[in-house]
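Trainee: I have a new model on my screen and would like to learn how to read it. Could we go through its features one at a time?

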Amino acid sequence: MHRVIISGIGVEIPEPTITNEELVASFNAWVDAENARRLGTDEPPLAKSDSDFIVHASGVRTRHVIEREGILDPTRMSPRIPARPDDALSLEAEFGIASAKKALEHAGLQPSDIDLVICSASHHQRPYPAIAIEMQEALGTKGAGFDMGLGCSSAAAALHIAVNLVRSGAHKRILVTTPEIITGHLNFRDRQTHFIFGDASVSMVVEGLAKGDKRPGRFEVLDTRIWTQMSNNIRTNLGYHTRTAQDDPYMINLEGNLIKQVGNKVFKEVTVAGQKFIVEFLAEHGLTPQAIRRFWLHQANARMNAMILKLSFGHEVDHDRAPMVLERLGNTAGAGAIVALSENHADMKPGDFGLICAFGAGYSIGGALLRML
């Protein structure tokens, strides 16, 4: 059994941004038009959104997106992403490759050094050919590639698989990439979810620890873990069979099939499950939360993370111990915890412990216990 490290991390954040104020202005303009339409009908009027509500509910103040103008158009409220021909690189593969190249550079490797690509994200652009295979072709990696997903735990779940494949000797070097273009699947007309998400792409290189490896700032992966429990409280029904439920299967009705969640239940249930997962996972290694120098948690909700940590430690924990990128990036699903890791590890010392922990739809939780080399 081989010792395993994360030798490279790469992050790609799209340049366009949307502030809460811009998003609220678009949403409220649509609400005004929709409420005018509903006058004299049995349909109840819709409530408007506001920036203070968004900050209180999530901690998000701005988010980066692949395309902003379509989202902010009250008559459209969805990114405008032109279709590409089949022989052109897909947007998701392009986004994944952008962070993958940075991860390879950080690891000091070439694409030909990689023998497996895992593309793991909460939302994929298409079912097949796999985005990972498209990336394999475009990058020039060896071996194989496959797609997978586990909601917002997608990057952590792929890391779990990659680490154990390398540990067993099945593969030598694996590229894990999580290109999250969530805005393409988001219902911007849903007051409960329209403000939550942003787009981001992250990648990690996972390989065996070679004797004499002197690359500074790398992490040994001591252990990984995943946990799931069925819940409908975060759900999307958009899939292969969506059209079969329509009167006209060639005119897809997206109403009710995009992302939806029961926010108060998610907050309560995931907080309890997340705290239990962290404490029990660390205890298996004879560790307590106090022994962990840094936590890189899923960037979904600032209040949820604060509560999970308070329950774990018995007191409030500051940004240095558990850094947040949520305020400026929004919830980037599987990418968020890895963005936090990438931006907040350079000051750690050899021997310091760190914990990646992501949680989301499923319910699902994924964790990785790391030690700075």
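**Reading the core, the loops and a pocket**

Mentor: Let's begin with one side chain: leaving aside residues up to four places away in sequence, Leu159 touches Ile6, Met204, Val206, Thr224, Ile356 and Ala368. Contact here means heavy atoms within 4.5 Å. Keep in mind that this is a predicted model, where local features need pLDDT of at least 70 and side-chain atom pairs count only at pLDDT 80 or more, while totals for chains, interfaces and linings use all residues. Residues are numbered from 1 along each chain as its sequence is written, and side-chain values use heavy atoms, with hydrogens and water left out.

Trainee: Which residues have the most contacts inside the largest nonpolar core?

Mentor: The general idea is that nonpolar side chains tend to be buried together in soluble globular proteins. A nonpolar core is a set of buried Ala, Val, Leu, Ile, Met, Phe, Trp, Tyr and Cys residues joined through side-chain atoms within 4.5 Å; buried means under 20% relative accessible area, exposed over 50%, and partly exposed in between, with a 1.4 Å probe and protein chains only. Here the largest core has 36 residues, and Leu159, Val206, Trp296, Ile356 and Leu370 have the most contacts inside it. Among the elements supplying at least two residues each are strand 1 (4-12), helix 6 (154-168), strand 7 (200-208) and strand 13 (364-372). Helix 6 gives the most, with seven residues. Another core, of 24 residues, lies apart from this one and includes Ile278, Phe295, Ala322 and Leu355.

Trainee: How are those helices and strands assigned?

Mentor: They are DSSP runs numbered from the N terminus: helices are H or I with at least four residues, strands E with at least two.

Trainee: Is Ala170 buried or partly exposed?

Mentor: Ala170 sits in the loop between helix 6 and strand 6, and counts as partly exposed because its relative accessible area is 47%. Its C-alpha atom is 9.9 Å from that of Asp115, although the two residues are 55 apart along the chain.

Trainee: What about backbone angles? Where is Met77, whose phi is positive?

Mentor: Met77 has phi near 55°, positive in a residue other than glycine, and lies in the loop between helix 3 (69-72) and helix 4 (91-107). Met77 counts as buried because its relative accessibility is 5%. Ala333 also has phi near 55°; this residue is in the loop between helix 9 (326-329) and helix 10, and is buried at 1% relative accessible area. Look at omega too: the peptide bond from Tyr128 to Pro129 is cis, with omega near -5°, and so is the bond from Gly362 to Tyr363, again near -5°. Pro129 is in the loop between strand 4 and helix 5 (131-139), and Tyr363 in the loop between strand 12 (353-360) and strand 13.

Trainee: Which residues line the second largest pocket?

Mentor: A pocket is an open set of points on a 1 Å grid over the protein atoms alone, where a 1.4 Å probe fits, with protein on both sides within 12 Å along at least five of seven lines; lining residues have an atom within 4 Å of a point. This one is lined by Arg225, Trp227, Ala273, Lys276, Phe277, Glu280, Phe281, Glu284 and Ile365. Strand 8 (219-228) and helix 7 (263-283) are the elements giving two or more residues, and the largest share, five residues, comes from helix 7.
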